[in-house]
Structure formats: C-alpha cells, structure tokens
Amino acid sequence: MGLTNCSHEELMSRLVDSVKEISGFSSSRGFIGKIQGDLVRRITLLSPFFEELIDVNIELKEDQIAGFEVMRIALDSSLELFRSVNGGSKLFQIFDRDSVVEKFHNMTVEIEAALSQIPYDKIEVSEEVREQVQLLHFQFKRAKERREESDIQLSHDLAMAEDVMDPDPNILKRLTQELQLSTIDELKKESHAIHEYFLSYDGDPDDCFERMSSLLKKLVDFVTMESSDPDPSTGNRIISRHRSPVIPEYFRCPISLELMKDPVIVSTGQTYERSSIQKWLDAGHKTCPKSQETLLHAGLTPNYVLKSLIALWCESNGIELPQNQGSCRTTKVGGSSSSDCDRTFVLSLLEKLANGTTEQQRAAAGELRLLAKRNVDNRVCIAEAGAIPLLVELLSSPDPRTQEHSVTALLNLSINEGNKGAIVDAGAITDIVEVLKNGSMEARENAAATLFSLSVIDENKVAIGAAGAIQALISLLEEGTRRGKKDAATAIFNLCIYQGNKSRAVKGGIVDPLTRLLKDAGGGMVDEALAILAILSTNQEGKAAIAEAESIPVLVEIIRTGSPRNRENAAAILWYLCIGNMERLNVAREVGADVALKELTENGTDRAKRKAASLLELIQQTEGVAVPTVP
C-alpha cells in the first residue's frame, strides 16, 4: 500500500519535525522542569509511530487523517508553550506559576484528546509500535486526571524573599538555583526578558513590575556578593556589608564603567548609559561597543527594569540616587515620584514615528505604549509633546505590530481625561474602528478597550456608534479571547446607554451570541451578557429579539441559582419581557418562574425584590386566563 496523497506525507513529516523540536526542551531545570520534562518525554515517544507511517508508506483514510490533523494542532500549541516558557521572564513565570502549570495540564489534555481520535489499533503498524502508542495513550490519560501539587518549599522561599528586607542567603541561593539565575549573565538576560514582557503587557504594570524588580535586585545583590566573596561563611558576609559598597558590574556602563543613571538598550540587547552610547553613535560608529555586532538601527530603548534595580540598590546602600538631566520628573504630594518622562527622549520618539523606518516606528510606538502605561504625568507629557496625531496616523500602518503598539499607546493615553478629547479631535474613532475590524487579535482587543475608554464621554457614544463600531464589537464578542470578549462586552454596554446604539446592537444580531454566553456558565461571561441584555430589554426591538431567542427558561434558571447581581438583572429582563405580554408570562410560569420569584422576594436585592413581586402579581392575575390564539 502506498500513500497516494502527498499532503498525508507532509502531515507526518511535520509531526516528526514538531516532535524533534519539542525533544530539545527536555533539559530544562527549575520549578517547571519536571512538569515540562514529563510532557516532553511522552511526546518524544510518539516519534516512532509517525516515522513508521512514513517509512512503510501506509495509506490512511480521510477519517484517520483527521485525528492526525488534531494532533498536529496540539503539537503546534505545545511548541508555542515550550518556547514561551523557556524564552520569557523566569520571575514572571514563578509569580504566575499556577497559570503556567495549568497551561501544561491543558496541553496534556489536548494531546490525549488527539490520541483518542487516532484509530491506532486499526492502522497497520508493527505490534511493537502499536503497543507503545497504547501504553503512551494510557500514560496521557493518567496524567490528564492528575494535578501537580504546589511546591511548598518554593512558595515559602518566594514569600520570605519578598517580605523580608534582608532574606536568609540560603533562601536566595535556592531561588537562584530554582530559577537558573545563578550568574550575572543569566540575570542580565532576565532583566531584558522582564523589559520585553512589560513592553507587551496589557494590564497595569505597577504592582507586578515593582515585585519583580525588587526580587531581581535581591538576587543581583546575592549573586554579586557570592561572586566577589570567596569565603561564603556568614561572618565574612556580615563584615562585607559594613564596607563601602562595591557597585555591581551589572550596574556599570560598559563604556564609562560608571554607575548608570539612564540605562538604555541598543538593538543587540546590550545596555549602556544613554549619554555614553549616544556619544559613540554620534561619532559615526555602527557597531555595538561590547559585542562588536552591527547595530540594526540606532534606536535606544530605556531599560526601566535595570533603572529600577539601580534605584533600589542605591537606596539600600545609602547612596544618592543618580538624577537624569533634562527629565520632567515631578513629585506628588506625599513624596512619590510621578514621572520618568524625558521630554527630549519623547521628542526623539516622535521624530521616529513621523520619519523613521518601519522598524523605528514600531520600536518608538512600543516605547510610547510602555511610557504611557506607567503613570499619569507620563501621559500628560507624551500628549503635550504632540504624540497623539502621529499615533493615530500609525493606526493605518501595514505593520501589525506597529498598529498594536499605536492603538495600545492611545488606550493608555486615554486613561487621562484630558487626552480623550485630543484623541477624538485627531480623528481617531474611524481608524480605531478599522483596527477593531481588521487588526490582529491583540490590536482588536485593545481597540475595543480604547473605544470603551473614549465612550465615557456621552457625545463620543454617538460618534462611535455611527462609525460602525457596534457590529465590529459583536464580532469580537463572538471570536475573541476571554479578555477580548470582556473588552467587547464592556464597550457595548457603555455604548448602549445611548438609545440609538441599542437599535444598532439589536439589528447587528447581538442577542443570539449573548444568549449563548448566558447558557455557557463556565465561559465567565454570564455577568456581562446579562448586563447588556438588561439594558437592551428597555428597547422595543430589544425585547422582541430577546423573547425570540427563547431566553425565558435561561433567565428563570439564573433567578433560581445565580449571584445576587445576576438574579437582579435576570428578574429585570424578565419583567420587561413579560409586562403586557400574556404569552410570555405563561411561558415563564410553565418553567417555574413563580417559585424562583417567590424565593427572590425573600432573599434578593431591593431592586430584585421589587421586580420579583411585580412579576408574581402579574403571573397570579393571569392564572387560568387562556392565551388567545390567532385564527
């Protein structure tokens, strides 16, 4: 028998290649090493099966091919996870370790599901290979049912390292080993990974950033002390703390060898003091001074993580914090620093936005996105420098990443009330809606969040609805990630406060996806779906569409079992649907609404009690009254 369809051979070859690449992740150590190692080992054992299918030219039927296609998707997802875990910030992973462990468990579930769809017992392979696949499938089934227990020692060490000003060196040593951050070079890579992470981070970075920076600083101090003190005894280490502090090599500029006050990253990933590397570039050099690699561009990216570490080190060693010339640093009441926005640097970024190459525009937009995220004064500084019109123009960039950075920078800037008007005046609404329709998923999600932010101003609700945003938001509600769905729902809810947008939403077909979300209790969108339906139920078209979606049984079930807020919204929707409509009242009564409503009058919120009492009265009045039929 021979493989007649070339795509079958290509599929098997791709599976073999994926397994081979995954096998390269088997040597990982640290807190995730065992979990990752077990999964890699199991996946690697699939290789003989795929290879034999190629070697003996076995012909596969279409229904058999479908299972292998599911396996291809699962292995591609596994590869993406392995790359993410092994290439990202280790500190972030340890702070988010429950989520990381859950991702590995989900991959085990996906691969087991793929094996279940491959009829390996009916495919003509050697008995040895078939038995190996059967055993492997059994192992995946067992692993799917098992949950990894949390590492108590790691949790204790992490808590002590965070909470104690001067942690036990043994704790720090265990953490450096667990995280594979035992050398200055490894710590440098971690600093760069943290910086890259926060460049693409979508939430408020302040708390997480400070936690990671503080712990990284303690690890840097420990590793620096370990490498400079040949006698690891506690006595010598205590004595060394009373000497003049030695500046960690990592904090020195490779050019000037002085403590850096404004560290920046060049395109090779090396960090320098801004003034030193700028002189080097101004002299016409095109290479990185330390690595001698050719610089891809002359852009300088602020290394906020390292800057924060240097500030923490200076504070703990009683050294005056270096100040950066020309910054617009200000201080709020209470003494907290509120801005790290260097106007000269911002203007240089704007120059790149306006006249730079695609790579320079992408990097500059990314830097503005990060700066605008950090604090209020940065948002004011960036807007006053004239960034908003340039960012709006880049919403139409053909480069997806530049578009993502630009819309997210505008989202961060829009947090400032004074910037909302400037963004709208720059003609951003139409372009943001276009990103919402056609951008990458990340860009679409952040476009939805931006529209929500802008829609806080009432007149913007009208303009955003008129620009076609509602239909695009409904699409995101159906297609987006969980975060994207929530961003879309929040924006839709706010826009539908304006009466005209309620009709747009109903005509755009929003009721059916909202009803599906109501029925999917595990999807995490019941709250948002109910809130939108509650506001649409006050509209005649909305009421009709909700009733046509056969939502009454679902609403009654939520009144019976939902959270207090959801029970209240469900009762309000049911009230609007049933008022003046005997047919809907009878449907509600048939699915047990009277019992659920009676309980709500006793235990619901005040508003829920009022709606429930009114509905009960209506149901009681119509008992025994026949619904007129159409002749």
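Helices (H or I, at least four residues) and strands (E, at least two) are DSSP runs, numbered from the N terminus. Everything below comes from a predicted model, in which local features need pLDDT of at least 70 and side-chain atom pairs count only at pLDDT 80 or more, while totals for chains, interfaces and linings use all residues. Residues are numbered from 1 along each chain as its sequence is written, and side-chain values use heavy atoms, with hydrogens and water left out.

First, the overall picture. Of its 631 residues, 49% count as buried, where buried means under 20% relative accessible area, exposed over 50%, and partly exposed in between (1.4 Å probe, protein chains only). Take the contacts (heavy atoms within 4.5 Å) between residues at least 6 apart in sequence: 70% of them join residues at least 24 apart.

Back to the H16 and H19 pair. Two packed helices are described by the angle between their axes and the distance between the axes. The axes are lines fitted to C-alpha atoms, for helices over the stretch in contact, with angles running from 0 to 180 degrees between N-to-C directions. For H16 (residues 358–374) and H19 (residues 400–414), the axes come within 8 Å and cross at roughly 25 degrees. That makes H16 roughly parallel to H19, given that angles under 35 degrees count as roughly parallel, over 145 as roughly antiparallel, 65 to 115 as roughly perpendicular and the rest as oblique. On the H16 side, the residues in contact are Thr 358, Gln 361, Arg 362, Ala 365, Gly 366, Leu 368, Arg 369, Ala 372 and Lys 373. They meet Arg 401, Thr 402, Glu 404, His 405, Ser 406, Thr 408, Ala 409, Asn 412 and Leu 413 of H19. Sorted by class, this contact has five nonpolar, eight polar and five charged residues; Ala, Val, Leu, Ile, Met, Phe, Trp, Tyr, Cys and Pro count as nonpolar, Asp, Glu, Lys and Arg as charged, and the others, Gly among them, as polar.

Asn 412, which sits in H19, is buried, with a relative accessibility of 7%. Leaving aside residues up to four places away in sequence, Asn 412 touches Arg 369, Ala 372, Lys 373 and Arg 379.

A second pair, H21 (residues 428–438) and H22 (residues 441–454), packs at an angle of about 145 degrees with the axes 7 Å apart. The crossing of H21 and H22 is left-handed. H21 brings Ile 432, Val 433, Val 435, Leu 436 and Lys 437 to the contact, and H22 brings Ala 443, Arg 444, Ala 447, Ala 448, Thr 450, Leu 451 and Leu 454. By class, that comes to nine nonpolar, one polar and two charged residues.

Next, the strands. Strands of a sheet pair through backbone hydrogen bonds, either parallel or antiparallel. Here three strands make an open sheet in the order E2-E1-E3, with antiparallel pairing; two strands count as paired if DSSP finds at least two bridges between them. Strand E2 (271–273) and strand E3 (301–302) are the edge strands, each pairing on one side only. E1 (residues 263–265) is joined to E2 by three bridges, and Ile 265 has Thr 271 in E2 as its bridge partner. Helix H13 (residues 274–282) lies across E1, E2 and E3, at about 95 degrees to E2.

Finally, some loop residues. Most residues other than glycine have a negative phi, and most peptide bonds are trans. Gln 292, in the loop between H13 and E3, has a positive phi near 65 degrees and is exposed at 51% relative accessibility. Glu 550 also has a positive phi, about 55 degrees; this residue lies in the loop between H29 (540–548) and H30 (552–561) and is exposed at 62%.

Thr 605 belongs to the loop between H33 (593–603) and H34 (606–622) and is partly exposed, at 25% relative accessible area. Thr 605 touches Pro 564 and Glu 568, again not counting residues up to four places away in sequence. Between Thr 605 and Arg 565 there are 40 residues of sequence separation but 7.8 Å in space, C-alpha to C-alpha.

Terms used
Left-handed = near helix turned anticlockwise from the far one by under 90°.
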